[in-house]
Amino acid sequence: MKIKFFGIDRQYQNLRSEILEITDSVLSTGHVLDGVYVNRFEKQMAQRCGRKYAVAVNSGTQALVFAQHNMNHTVNLMDQEEKVLIPGVSFVATLNSVIQAGNTPVFCDVDDRCHMDLGNFDIALTGAGITTVMYVNIFGNCLDYDKLKLICGFFNPHQEIKIIEDAAQSFGASYKGRPSGSLGDISVLSFDPTKNLNNYGSGGMLLTDDETVANELRDLRGNGRHTGHGESGTNSKMSEVDCAQMLIKLQYFDSWQKRRTEIAEYYVEHLSGFVDIILPEQDTVSSWHKFVIRPFIRSKLINYLRDCDIETKIHYDTALHEYSIAYHFDRPAQMRYSEAHSREAMSLPIYPELTDAEVEHVVNSIRKFYRDE
C-alpha cells in the first residue's frame, strides 16, 4: 500500500538513532527489569494523567484483568457473582478480560458515538446485580463521565458500583479539562504498537489514587513479592528497555497529538456531507486514536480506496455479544446500535507521519468516489 493504515515503520525511522542509543545504554548495564526506567516512566505517566500512582504491566488486556481482580477484592460481596457491565462495541480484549478475571459480562448497547448508551443505561443496571462498570473511551473520545457517575449512584444507592476507565485508546484525551486516565476508581492504558503512545512489543498500565490499590496491583504483576507474598500474583511486567524507549517517545507525544488533531480537523472539514463521521462528545478533547466514518456502501468504498493505494480498517466487525465466547452468557434483547456499527463503520489512516499530500489524497479519493456514484 502506498498509504498504510499504521505508521509504525515511519515513526521508528524518525526515532531510530535515539531508540538504538537508549536500548544499548540499558542493556549494557545488565539491569533489565524493575529498575530506574520503569520507575521513571510510571511517575511521568501518573503525572500526565493526574494520578498519584501508576503500575506498568505487560499488556492492556492484563491491566483490565488486574483492575477487575482488585474490584472483586474491594466490593467483597460474599457468595455473590461479580457482574461487569461492558459496552457492545470494543476490541474483544474487553470481553476476554472479564472472562479471564472470573467475572460475568453484562452487555450494554452503545449510542451513535459507540459509547455506552447512557440514555438507556438504567435498563442495563436495574436488577442486573452489576458490581463494576468497565466503560471504554472508544476511538479516543471520552464518555460523559459525570453523567455515568450520577446514573450509577441513582440506580444503586445502597451499593457503590466500582468504575474502571478503559483508556486504552484515549491517552492524550480529556473530559472537562480532566485528562483521560484520571476518571474512574482505576484507569487502564495500553501501549500496543497501534496506540498513540506505542511500544514496539506490548505493554499496559493501571492508574489509581489509592496507595493500597497500587500495592495490590504491584503484587498481582510481581507474584506477590511487593508485600512479602501475602497474596498470590503472576509475572506481568514491562522491561527496562520498554520503558526507556517509551520515555523517548513521551518527549514527542504532544507534537504527535497536535498533528493527529490537524489531520482530523482536515478530514472533518472536507468529508462532512459525504460520510457520517463519529465525532467527540461535548466537553471532550479527543486523542483521535481512530478516525471512524459510516459510509454508504462500506465494502465498495474500501475496495475503491484500496485501488487508490489507501489502506483502511474495520473497527469492529463483530459486536461483543455476538462472539462465540459470549454465547453462554445472557444476551440483551436489544443491541441495535452495536450491531449496526459492526456492519457500517470503517476507519481511515490517521497518524502523525502522514504527509499533507497523503491526507489530501485520502480526502480527494473519498470525495471522488461519492461524486462518481
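Strand 3 supplies five residues to the lining of the second largest pocket, the largest share from any element. Helices (H or I, at least four residues) and strands (E, at least two) are DSSP runs, numbered from the N terminus. The model is predicted: local features need pLDDT of at least 70, side-chain atom pairs count only at pLDDT 80 or more, and totals for chains, interfaces and linings use all residues. Residues are numbered from 1 along each chain as its sequence is written, and side-chain values use heavy atoms, with hydrogens and water left out.

The second largest pocket has a volume of about 470 Å³. Its lining holds 23 residues, and those closest to the centre are Val106, Phe107, Ala124, Pro332 and Ala333. Strand 3 (104-108), helix 5 (121-125) and helix 11 (336-344) are the elements that give two or more residues to this lining. By class, the lining of the second largest pocket has twelve nonpolar, four polar and seven charged residues. Here Ala, Val, Leu, Ile, Met, Phe, Trp, Tyr, Cys and Pro count as nonpolar, Asp, Glu, Lys and Arg as charged, and the others, Gly among them, as polar.

Pockets and cavities were found on a 1 Å grid over the protein atoms alone. A pocket is an open set of points with protein on both sides within 12 Å along at least five of seven lines. A cavity is a set of points where a 1.4 Å probe fits but cannot get out. Lining residues have an atom within 4 Å of a point. Grid points are joined across faces, edges and corners, and a volume is the space filled by probe spheres set on the points.

Helix 1, helix 3 (60-75), helix 4 (93-100), strand 8 (186-190) and helix 9 (253-271) each supply at least two lining residues. Helix 3 gives the most, with three. The lining of the largest pocket comprises 18 nonpolar, 15 polar and six charged residues.

One cavity of 30 Å³ or more is present. The largest cavity holds about 60 Å³ of space. Its lining includes Ser190, Phe191, Lys195 and His289. Four of the lining residues are nonpolar, five polar and one charged.

The whole structure contains 14 salt bridges, each a side-chain nitrogen of Lys or Arg within 4 Å of a carboxyl oxygen of Asp or Glu. Glu358 pairs with Arg10, with the closest N and O atoms 2.7 Å apart. Glu358 lies in helix 12 (residues 356-372) and Arg10 in helix 1 (residues 8-29), so this bridge ties together parts 348 residues apart in sequence. Glu358 is buried at 12% relative accessibility, whereas Arg10 is partly exposed at 26%. Buried means under 20% relative accessible area, exposed over 50%, and partly exposed in between (1.4 Å probe, protein chains only).

Asp34 and Lys237 meet in a salt bridge at 2.8 Å, N to O. Asp34 lies in the loop between helix 1 and helix 2 (36-48), and Lys237 in the loop between helix 7 (211-221) and helix 8 (240-250), so the pair links parts 203 residues apart in sequence. Asp34 is partly exposed at 40%.
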